[in-house]
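Please look over the protein shown here and follow its strands, helices and pocket. The report below takes them in turn.

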Amino acid sequence: MIEMQDVVKKYPNKTTAVRGLTVNIDQGEFVYVVGPSGSGKSTFIKLMYREEKATSGKKLEVAGHNLLKIKNRDVPYLRRDVGVVFQDFKLLPRKTVYENVAYAMQVIGRKPRDIKKRVMEVLDLVGLKHKVRVFPGELSGGEQQRVSIARAIVNTPKVLIADEPTGNLDPETSWDIMKLLERINAQGTTIVMATHNKTIVDTMRHRLIAIENGLIVRDEAGGEYEFDD
Ligand SMILES: Nc1ncnc2c1ncn2[C@@H]1O[C@H](COP(=O)(O)OP(=O)(O)OP(=O)(O)O)[C@@H](O)[C@H]1O
Ligand SMILES: [Mg+2]
């Protein structure tokens, strides 16, 4: 599902954020990415959905797309297969909950009837069917994150990538979001999640990839957090 071999990312200011990542993630896995601030977690994630281009690498494949070769005009096809969730939700403030989620289907030209059915289905899954007409500013942080997850999965991606999805949420709300991600994973979606949350990682065990200084230093099934940050 996700295959990387010796992937390197140098930013234009000469910072080498990722110095040779080699990793294989299979369909249906749930993977945490942990590591100190500045270790390269977000860069690793951005390489997976082509927010950043690799500087070099022997292989970088995600959901059947070769990201070392992909043309800019083909990036929208990649984005159908890879949903993304951020710490700060990134919802469109002037669109309602319904419109925020529907927009992801409109931009890829889905039929209005299909859009209505699918948007209501995912809003039901995230428990926000009753908030369709509300604007993001009228929602709690946890509710906004649910909308952003609904938007990320509305086109049934093979992979859901989340960069610190609970970073702005209180502990209780964070657990609700984690349960939701586990449900999405149970339906077969691969999940890759960068996090600083030791309690979550140590309680809800999944494969753990630890990055330090741009390199994978641990890769363990059900691994513990083990950082003091
Ligand atoms: N756009 C950029 N231009 C230049 N350097 C960058 C850029 N983005 C990140 N970096 C640098 O690359 C390194 C890795 O950053 P990255 O954001 O991947 O770390 P991170 O593990 O996600 O950190 P955090 O836990 O704080 O989110 C850092 O040294 C950072 O300063
Ligand atoms: Mg980061």
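What follows is a short tour of a predicted model.

**The annotated stretch**

Start with the record. An unreviewed UniProt entry carries the annotation "domain: ABC transporter" for residues 2-227. Over residues 2-227 the chain is 33% helix and 25% strand.

Strands of a sheet pair through backbone hydrogen bonds, and the pairing can be parallel or antiparallel.

| Strand pair | Sense | Bridges | One pair of facing residues |
|---|---|---|---|
| S1 and S4 | antiparallel | 4 bridges | Isoleucine 2 and valine 62 |
| S6 and S7 | parallel | 5 bridges | Valine 82 and valine 159 |
| S7 and S8 | parallel | 5 bridges | Valine 159 and threonine 190 |
| S9 and S10 | antiparallel | 5 bridges | Leucine 208 and glutamate 220 |

Take the pair S1 and S4 first. Strand S1 spans residues 2-10, and strand S4 spans residues 59-62. They belong to an open sheet of 4 strands. Its order is S2-S1-S4-S5, and the pairing is antiparallel. What sits at the edges of this sheet? Strand S2 (16-25) and strand S5 (65-66) do, and each pairs on one side only.

Now move to S9 and S10. S9 covers residues 207-212, and S10 covers residues 215-220. Together they form a hairpin with 2 residues between the strands. Asparagine 213 lies in the turn and has a positive phi of about 50 degrees.

**A buried strand**

S7 links up with two partners in the table. It pairs with S6 and also with S8. Valine 159 takes part in both pairings: it is the bridge partner of valine 82, and it stands opposite threonine 190 in S8.

Is S7 buried or exposed? 5 of the 5 residues of this strand, residues 159-163, are buried, so the rest of the structure largely encloses it. Both faces are covered. Val159, Ile161 and Asp163 are buried on one side, and Leu160 and Ala162 are buried on the other.

With helix H6 (residues 171-186) and S8 (residues 190-194), it makes a right-handed β-α-β unit.

**A largely enclosed helix**

Helix H1 runs over residues 41-48. Because 6 of its 8 residues are buried, H1 is largely enclosed by the rest of the structure. Which residues of H1 are buried? They are Lys41, Thr43, Phe44, Ile45, Leu47 and Met48. Just after H1 comes arginine 50, with a positive phi of about 65 degrees.

**The largest pocket**

Rolling a probe the size of a water molecule over the atoms shows where empty space is left. Here, the largest pocket holds about 530 Å³ of space. It is lined by 22 residues. Those closest to its centre are Arg79, Val82, Val84, Ala104 and Arg151.

Which element gives the most to the lining? Strand S6 does, with 4 residues. S6 (82-86) is one of the elements that supply at least two lining residues each. The others are helix H2 (75-81), helix H3 (97-106) and helix H5 (141-153).

How does the lining divide by residue type? The residues are 13 nonpolar, 4 polar and 5 charged.

One residue ties two parts of this tour together. Val82 is among the residues closest to the centre of the largest pocket, and valine 82 has valine 159 as its bridge partner in S7.

Definitions and conventions: Residues numbered from 1 in each chain as written. Chains lettered and ligands numbered in written order. Predicted model: local features only at pLDDT ≥ 70, side-chain atom pairs only at ≥ 80, totals over all residues. Heavy atoms only, no water. 1 Å grid on protein atoms, 1.4 Å probe; cavity = no way out; pocket = protein on both sides within 12 Å on 5 of 7 lines; lining within 4 Å. Points joined across faces, edges and corners; volume = space filled by probe spheres on them. Nonpolar A, V, L, I, M, F, W, Y, C, P; charged D, E, K, R; others polar. Buried < 20%, exposed > 50% of the residue type's maximum accessible area, 1.4 Å probe, protein only. Pairing = 2+ DSSP bridges. Right-handed = clockwise from strand over helix to strand, strands pointing away. UniProt positions renumbered as here; feature names shortened; annotations may be inferred.
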